[in-house]
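Subject: Structure handover and findings

Dear colleague,

Please find the structure below, together with its sequence. My findings follow directly after it.

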Amino acid sequence: MKTHFIAIGGSAMHNLAIALKDKGYQVTGSDDAIFEPSKSRLEKKGILPQEMGWFPEKITPDIDAVILGMHAHQDNPELARAKKLGLKIYSYPEFLYEQSKNKTRVVIAGSHGKTTITSMILHVLNFHQKEVDFMVGAQLEGFDCMVKLTQDNDFMVLEGDEYLSSPIDLRSKFLLYQPNIALMSGIAWDHINVFKTFDDYIDQFRKFVASITAGGVLVYNEEDAEVVKVVENAENYFRKIPYKTPEYEINNGKVYLKTEMGDVPLSVFGAHNLLNLEGARHICRQLGIMDEDFYEAIMSFKGASKRLEKVEREDKGTLYKDFAHAPSKVKAAVKAFAEQFKNDKKYGFLELHTYSSLNPAFLEQYDHAMDGLEEAVVFYSEDALKIKRMEPISPEFIKEKFKNEKLRVFTNAEDLHAYWNTLDKTDGVYLMMSSGNFGGLDLTK
């Protein structure tokens, strides 16, 4: 099968390209910019475009599938050529469904926790050498590529994202998967640039539940009121399995899960991660993994990339980085950090740089998000606001919305870096929350 990727360099797209190459497909692609690690990984497989840009001549009548990434625009010249030739154009999730429509599809959805839960499930299956196809949005220890597609595996585990499928397909990605087994971890308004009201956002999850195949299974977080409402109001037929935060304790900085089989030591911390773990356990049960085997495997799970991930520093200081940027994720990460390191001085840094996080209306949801930290810092770039054509935001406005008068607010990278350099990183513990890089801050030094 001959496939062509428009915007092959994306974090998700390049993994799919590699998976198809490994499956024996003929793969080509284009992009106007490709960064590491995508660049090296595509080059290693021999599918890195020779030059950057869009080339309509690459779109030939013998292409079986054109896969369109979100990074491309509706007026992309390669897309126009593919339409003119009448080629089959797939969004990323649409193509994944085509690859898995004859398998049992397991879809992990939710505003927060879905990457970690999917990673936990894959870790357990990998530990017990259970082969499944999969797609997950973060790098996971023990896996070379975060997409796997085969002819033979019976199951496919998919991280289900509620964001748009492609520039020409404005459906939420997870609506294309039609799960046989699903999980919903929580609902907290996100992607405000696409879903203008909270009800519009919730409606994506209503549609997701409605897309579960007849007689399927939904594992859901019964501690989330919005999730419970969506589940209770669903009209289609499926089996409902609720889960909640399990009992645990912290002894000498180590988290122990309380189970019928005794205390299970874990390598992750935070109540939200214990809740994620419980959801993963119920999904693994559906895949034939008994609880005893689940606990044996989960002890060695160290977390998904950038999810309370410990950074090895030259000075041996204690620093964790987390992808958290949405309010619910920030609050969960800070709460976990405060609980885990209650006897240490805690520093927390948050970078606001997504469209949603810089929206004045959305900022209301960050109230008290940084409470529990002795030193709390928020950074956002005034230049980023200009690029996004957004109105200026004052540091005073940020402090007001976070309801934290002690909050330090920086609006340019130079000042942030200067403050960072004054700190003794071996004094206290540090939590760095961003889907960016704090203006190029090196967290290892």
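One aromatic cluster is formed by Tyr347, Phe349, Phe410, Tyr419, Trp420 and Tyr430. Please bear in mind that this is a predicted model.

In total, the count comes to 21 aromatic pairs. One of them joins Phe269 and Phe341: the ring centres are 5.8 Å apart and the planes stand at 80°, so this pair is edge-to-face, the cut-off being over 60 degrees. Phe269 belongs to the loop between strand E16 (262-266) and helix H8 (271-286), and Phe341 to the loop between helix H10 (327-340) and strand E19 (346-351); the pair therefore ties together parts that are 72 residues apart in sequence. Phe269 is buried, with a relative accessible area of 6%, and Phe341 is buried as well, at 13%.

Tyr347 and Tyr430 form an aromatic pair that is stacked, with 4.4 Å from centre to centre and 5° between the planes. This pair also links distant parts of the chain, since Tyr347 is in strand E19 and Tyr430 in strand E22 (residues 429-433), 83 residues apart. Both Tyr347 and Tyr430 are buried.

Within E22, Met433 stands opposite Leu350. E19 and E22 belong to an open sheet of six strands, which has the order E17-E18-E22-E19-E20-E21 and mixed pairing. Its edge strands, E17 and E21 (408-410), each pair on one side only. From one strand to the next, the twist averages 20°.

Two helices may be described in relation to these strands. H10 packs on the sheet and touches strand E18 (318-322), E19 and E22, its direction making about 170° with that of E22. Helix H12 (residues 395-402) lies across E19, strand E20 (375-379) and E21, and runs at about 135° to E21.

Some backbone features also deserve mention. Most residues other than glycine have a negative phi, and most peptide bonds are trans. Leu308 has a positive phi, near 45°, and lies in the loop between helix H9 (291-298) and strand E17 (309-311). Leu308 is buried, because its relative accessible area of 6% is under 20%. His191 likewise has a positive phi, near 55°; its place is the loop between strand E11 (181-184) and helix H6 (198-210). With a relative accessible area of 19%, which is under 20%, His191 counts as buried. The peptide bond from Glu36 to Pro37 is cis, with omega near 5°. Pro37 is found in the loop between strand E2 (26-30) and helix H2 (38-44).

Finally, as to annotation, an unreviewed UniProt entry lists residues 3-102 as "domain: Mur ligase N-terminal catalytic". Over residues 3-102 the chain is 38% helix and 16% strand, and the end C-alpha atoms are 20 Å apart.

Yours sincerely

Terms used. Residues are numbered from 1 along each chain as its sequence is written. This is a predicted model: local features need pLDDT of at least 70, side-chain atom pairs count only at pLDDT 80 or more; totals for chains, interfaces and linings use all residues. Side-chain values use heavy atoms; hydrogens and water are left out. UniProt positions are given in the numbering used here, feature names are shortened, and annotations may be inferred rather than shown by experiment. Helices (H or I, at least four residues) and strands (E, at least two) are DSSP runs, numbered from the N terminus. Buried means under 20% relative accessible area, exposed over 50%, partly exposed in between (1.4 Å probe, protein chains only). Rings of Phe, Tyr and Trp (its six-membered ring) pair if their centres lie within 6.5 Å; planes under 30 degrees apart count as stacked, over 60 as edge-to-face and the rest as tilted. Two strands pair if DSSP finds at least two bridges between them. Axes are lines fitted to C-alpha atoms, for helices over the stretch in contact, and angles run from 0 to 180 degrees between N-to-C directions. Contact means heavy atoms within 4.5 Å.
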